[in-house]
Structure formats: C-alpha cells, structure tokens
Amino acid sequence: MSLQHVTTTVNGDATEFLCDAAETLLDALRDRLGLTGSKEGCASGDCGACSVMLDGRLVCSCLVLAAEADGREVETIEGMAGTGELHPLQTKFLELGALQCGICTPGFLVAAKALLDENPDPDETEVRYWLAGNLCRCTGYDKIIRAVLETAADLREE
Amino acid sequence: MRYEAPRTLADATGMLASCQGTARVLAGGTDLLVALRSGLVEPELVVDIKRIPGMADIVAEDGGWRVGAAVPGAALGHHDGVCRAWPGVVEAVELIGSTQIQGRATMVGNLCNASPAADSVPAMMAAGALARIAGPDGTERDVPVGDVAIGPGVTSLAPGELVASIFLPETPARSGDAYLRLIPRTEMDIAVVGAAVSLTLDEGGCCTAAKVVLGAVGPRALVVEDGAAAILGTTLDDEALAALERVASAAARPIDDKRGTVPYRRKVAGVLARRAAHIASRRAGEKS
C-alpha cells in the first residue's frame, strides 16, 4: 500500500506527514503527529470525543480521512489554550468541575468554542442541541452546559 | 485502498469508470467512513470530489438553486436563499446527525447512501428536485431525485456515474413545504417514519398543486399520489386533512423492526403527513 503525503496546517503550524489512504485524520493526529488530545470514543461519529475544526467547521476527525486534510487547516484541542494561559472555557470547566473521567472533555471544549465563536449568546436549549453530538458517559451534562453558558456570559462582558 | 482527489468532474468519472474493483465517491464521508471502518465495504478506490471546483457551491439558477454535491448541511442551513425558498428541504437536511455531522454530511450523500429512512430524500422529492448525474465522457443528465435511490443501499447510477448537484426549482408564489419525522428521542436518530409535503395555494387559499412523499415506510421513499389528490382543490380544511391522513396511512408499506411495528408506522405516516401539510400551508400563506 503506497503512503499518502499530506501537507496541512495544524493549530497554525505548517505540518506534513505520511499516512495510509484509509487512515482517519484522528489516527494521523494521534499516531503520526503525537497530538493525543483528540480521543477515540466510538469511531463512528456518534460521540464527538474526536471533535476538531477543519477549515473552520466542527467535524468528527474519526469521520475524516487524513488524506483529506491536505492543504486544509486543522485546529485541535492542543491549540485552544494561549501561551501559558487556558482558554476561558477551559478555566470555567475546571472551576465548575465540568468533567469526571475527562475523555469527552477535549471534544466538548472544541465543540463549545465553535458554538461561542458562532453564537456568543446561546440559550440553554441551543447549547444542549449544539452539544448533542458530544456524549459524556459519566453523565455530567448539567455542569458542562452551565460552564458553557457562564463562559459565554463572561466573554460578553469583556 | 487508493485515495484520489481529482480536480475535474471528467477525471472523477473517468477514475470511477476505469476502476476494476469497488469504487466509492467521498463527499462528506459520514456514511462512507463508518462503512469502511466496520468492513461493510472494502473499496479499491475512493474518489474525493471536494477538490472539484464548484462542488461546494450553492448557485442561483432559473429562479431556483443548484446545490453542489459537496455542500455540507451546515452550509445549506446558513444559506438565506435556500432557507426562504425550501424551508422543508433545509429542515430535513438539518435533522441529519449532530453539529459535527452537519459540518460534513451532504444532501447528495444522503441520497446516494440510499437508506429508505434518509431524511432529505422525501423533502427533495416533494420539492420536485432534480439530480444532475455526471458520467464518463463528460455526459450529464438530469433525473428526478426519486429515480436515484431505488432500494435499500441501491442506486440507479451506472458505473462511472456520480451525482454532481441537486437542482431545487423556483417556488411559485404562495408555496410552502415541510418535513417531519418521528424518532423515539429528540435528536440524532433514524426516522421511524418521515413525511414531506410541498404545496401551492391560490389567492383564496385553495390548494392548486401538491406533492406528498413518505420516508421509512417502504424500500424507497414513497410518492403518495392519493395524498396530493386529497388536498388539491381544498383549503386544507379538517375534512381534507383527515382524508390525507387516511390515504397516507393506507399507502405506507412499512416493515416491522426494532424501530416500530407495521400498524404503528402506518398510523404515524398519516399523522405526520397531515401535520406536514398543515405546516406547509401555513408557510405558503406567509409567502403571499
């Protein structure tokens, strides 16, 4: 099987890697680039633990071929915090204890950031629907929703 | 497996036509990658059509809209023109999966996956949408959307052909459409029954044109001619809507499975057809 050569941008950095034609973007991020923040939960697009931004759109990286990322821009959880400081969503998740085991957390954070970038003032129903593709099996949804709503409110005041 | 991302439609159809083994078209990949992962399909060739110019565009044409095969649901849902013209088609597409799935899944992919429960297909059929099929040697033909998916997982596409775009026609004045589906939860499930209605009213509120299409109650989406007849020439009064409900239930040809029994699906098909007609007529009234 011949390997694909992929040139892409990950979290603002020009990156290249070789991958199998059938390899997912999630596997390439984790195994080729060492970016293990994106998690594999279901590998079928149901759980959202592998959520990344691809050319500005929220997607499941388990449902993207790594080869498709050629020439595109990928943003992962690793790019979310600034230098030496967490993103306000990350800080709020910690403050409110909006996580238990943490496997779903990177996906929730990437998805929640995508929501707030598009809609800085979502109501609770909008947050719940937007995050319906992110599953938390510790069932900690209420704290997660509250963290997103409170972060949105904080960011609007800035 | 070989991955190709051609830059022209002719290259894409040429690659598909010359492939000796199984070839698959990749647009949003939300069905294909799941099938690859589970071993359901082991293609020799995957042709990613997203690098072909125009594939991700929504373009005004003859008063209607042409939607490229690589337009994801999220882009369609943000397009004011399509949302105004065909809200029922847009709501059907937006029911497919989560925010993440909407970032990738396409209307054409939903059609070509050929699931009997595909949400966008009844809505497109009710809208009178045409699929533009590109074939090898640069051929193009336009066929009604209902002629593409002909059975569970089966399309009428010949080897080397792909659906390049969907054309949603111009909506006459006082027209509206709607799509409803029943699932056992509020989000992210496969339709137990789907119902799409598109209709046009005259100045007095009398129905002059109608299409009624059911999903998930047969091997392919089902046009209910009697359903259209039940509301044509009426003001969609209670009697007409009751008649529509009766004939839609009678037309359904569902199977028993874990999602619902035959009698349940029949009952729901009628209820959803009636409710969708009601919403479509309200929307038509708002667009006078």
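Student: How many bridges join β1(A) to β5(A), and do they run parallel or antiparallel?

Tutor: Start by checking the direction of each strand. In this predicted model, β1(A) and β5(A) run parallel and are joined by 2 bridges. One bridge pairs A:Thr9 with A:Glu73 in β5(A).

Student: And what is the sense of pairing between β1(A) and β2(A)?

Tutor: That one is antiparallel, with 7 bridges. Look at A:Thr9 again: in β2(A), its bridge partner is A:Ala14.

Student: What is the strand order in the whole sheet?

Tutor: The order is β2-β1-β5-β3-β4 in chain A, an open sheet of 5 strands with mixed pairing. The edge strands, β2 (13-19) and β4 (57-60) of chain A, each pair on one side only. From one strand to the next, the twist averages 40 degrees.

Student: Which strands does helix α1 of chain A touch?

Tutor: Helix α1 (residues 25-32) packs on the sheet and touches β1, β2, β3 and β5 of chain A. Its direction makes about 105 degrees with that of β2(A).

Student: Where does helix α3 of chain A lie?

Tutor: Helix α3 (residues 105-118) lies across β3 and β4 of chain A, at about 40 degrees to β3(A). Those two strands pair in the antiparallel sense over 4 bridges, and A:Ser51 has A:Cys60 in β4(A) as its bridge partner.

Definitions and conventions. Residues are numbered from 1 along each chain as its sequence is written. Chains are lettered from A and ligands numbered from 1 in the order in which they are written. This is a predicted model: local features need pLDDT of at least 70, side-chain atom pairs count only at pLDDT 80 or more; totals for chains, interfaces and linings use all residues. Side-chain values use heavy atoms; hydrogens and water are left out. Two strands pair if DSSP finds at least two bridges between them. Axes are lines fitted to C-alpha atoms, for helices over the stretch in contact, and angles run from 0 to 180 degrees between N-to-C directions. Contact means heavy atoms within 4.5 Å.
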